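Colleague: I have a new model open and want to go through it with you. Can we take it point by point?

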Amino acid sequence: MVKGLYTAWSGMVNEMNQLDVMTNNLANADTNGYKKEGATSQTFDEHLAVKIRDMSDDGLPVPLGRVTPGVMIGETYTDYSQGSFRVTDSQYDVALDGDGFFAVSFTSKDGVTTAKYTRDGAFTVNTDGYLVTKDGDYVLNQEGARNGDPGADNFIRLDPNQEFKIDEKGFIWQNDQIVDQLGTVDFEDYNYLEKYGENLYQTVDGAVSTVSNARVRQGYIEASNVNVVSEMVNMITITRAYESNQKVIQTVDGMLDKAVNNVGRV
């Protein structure tokens, strides 16, 4: 009976973890280029249970079979599938049609500048004419994206008083001349990417960058790939499973109460 308590408890902890991931997805349903996350679960390693202190077999342990203590929290993964496009008709908004990321120069609070990556193409031009994100991070050109170099030499500078066009290959045109090329990059294995925060990704040891074949679409923004209806349905399923585990604990608690207070008297 005590094992039943641990099994139900582990199930509740697992459902709580899945609910945390799901609520984070729903909170970012309107975040540009956000990629939803999912949670997995796995069983504990099985162990051979034996009957001890049983004198019916000369005091030898008698195997009862293999048991598992319940379920444990598994890995959290990211779904990198493309979100739908939203038309904005703004020259500053761009989206990637295909696999890949925009590269930006990000400076942390400690003053460390590194290259980060994002699918959010809601850019703007600052007072100095540099192409930046909504948070003020400098957008890198193709050279900086390919080499992962966040230096100022790889910033994209435009004439803020002139309109510009961006073609499908990322070349930026002003006054019928190519000013620079928007930096895009892809990676061989997304398992070597991790979410940094602020809608940015960063690489970990082992990441290998490749050329992105995505087409650049000016005047569009990629929406989140979170399906709100699907997430709400899954939330109901998780809630019901959580309640079921609660009832298991209440039932086992009642059985233990009977065993201690009633059977013990006999």
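Modeller: Start with aspartate 89, which is exposed, with a relative accessible area of 70%. Keep in mind that this is a predicted model.

Colleague: Where does aspartate 89 lie?

Modeller: Aspartate 89 is not a glycine, yet its phi is positive, about 60 degrees. Its place is the loop between β5 (85–87) and β6.

Colleague: Is asparagine 175 buried or exposed?

Modeller: Asparagine 175 sits in the loop between β13 (171–174) and β14 (177–181). Its phi is positive too, near 55 degrees, in a residue other than glycine. The cut-off for exposed is over 50%. Asparagine 175 has a relative accessible area of 55%, so it counts as exposed.

Colleague: How many helices and strands are there in the protein chain?

Modeller: The protein chain has 266 residues, and 35% of them count as buried. Among contacts with a separation of 6 or more, 66% join residues 24 or more positions apart. The chain holds 3 helices and 20 strands.

Colleague: Is threonine 114 buried, partly exposed or exposed?

Modeller: Threonine 114 is in strand β8 (residues 113–118). Buried means under 20% and exposed means over 50%. Threonine 114 has a relative accessible area of 29%, so it falls in between: partly exposed.

Colleague: What distance in space separates threonine 114 and glutamine 202, C-alpha to C-alpha?

Modeller: Threonine 114 touches Val104, Ser105, Phe106 and Pro150, leaving aside residues up to four places away in sequence. Its side chain also makes a polar contact of 2.5 Å with the side chain of lysine 116. Glutamine 202 is 88 residues away in sequence, but the C-alpha to C-alpha distance is 8.9 Å.

Colleague: What do the buried residues of α3 pack against?

Modeller: Helix α3 (residues 228–263) has 36 residues and reaches 51 Å, close to the 52 Å expected. Glu231, Met235, Ile238, Asn245 and Val252 are buried in α3. They pack against α1 (2–27).

Colleague: Which residue caps the N-terminal end of α3?

Modeller: Look for a side-chain oxygen that lies 3.2 Å from the backbone nitrogen of valine 229. The oxygen belongs to the capping residue, asparagine 227.

Colleague: What covers the buried residues of α1?

Modeller: α1 has 26 residues and reaches 38 Å from its first C-alpha to its last, close to the 38 Å expected. Its buried residues include Ala8, Met12, Val21 and Met22, and also Asn14, Glu15 and Gln18. The cover includes β1 (37–43), β4 (71–78) and α3.

Colleague: How much space lies in the largest cavity?

Modeller: A search of the whole structure finds 1 cavity of 30 Å³ or more. The lining of the largest cavity includes Lys35, Asp99, Arg119 and Glu222, along with Tyr80, Phe101 and Tyr190. Its space is about 70 Å³.

Colleague: Which strand gives the largest share of the lining of the largest pocket?

Modeller: The largest pocket has a volume of about 240 Å³. Of its 13 lining residues, Thr76, Tyr77, Thr78, Asn191 and Leu193 are the closest to its centre. β1, β4 and β16 (193–197) each supply at least two lining residues. The largest share, 4 residues, comes from β4.

Note on methods
Residues numbered from 1 in each chain as written. Predicted model: local features only at pLDDT ≥ 70, side-chain atom pairs only at ≥ 80, totals over all residues. Heavy atoms only, no water. Buried < 20%, exposed > 50% of the residue type's maximum accessible area, 1.4 Å probe, protein only. Contact = heavy atoms within 4.5 Å. Polar contact = N/O pair within 3.5 Å; in protein donor to acceptor, adjacent residues only side chain to side chain. Expected span 1.5 Å × (residues − 1). 1 Å grid on protein atoms, 1.4 Å probe; cavity = no way out; pocket = protein on both sides within 12 Å on 5 of 7 lines; lining within 4 Å. Points joined across faces, edges and corners; volume = space filled by probe spheres on them.
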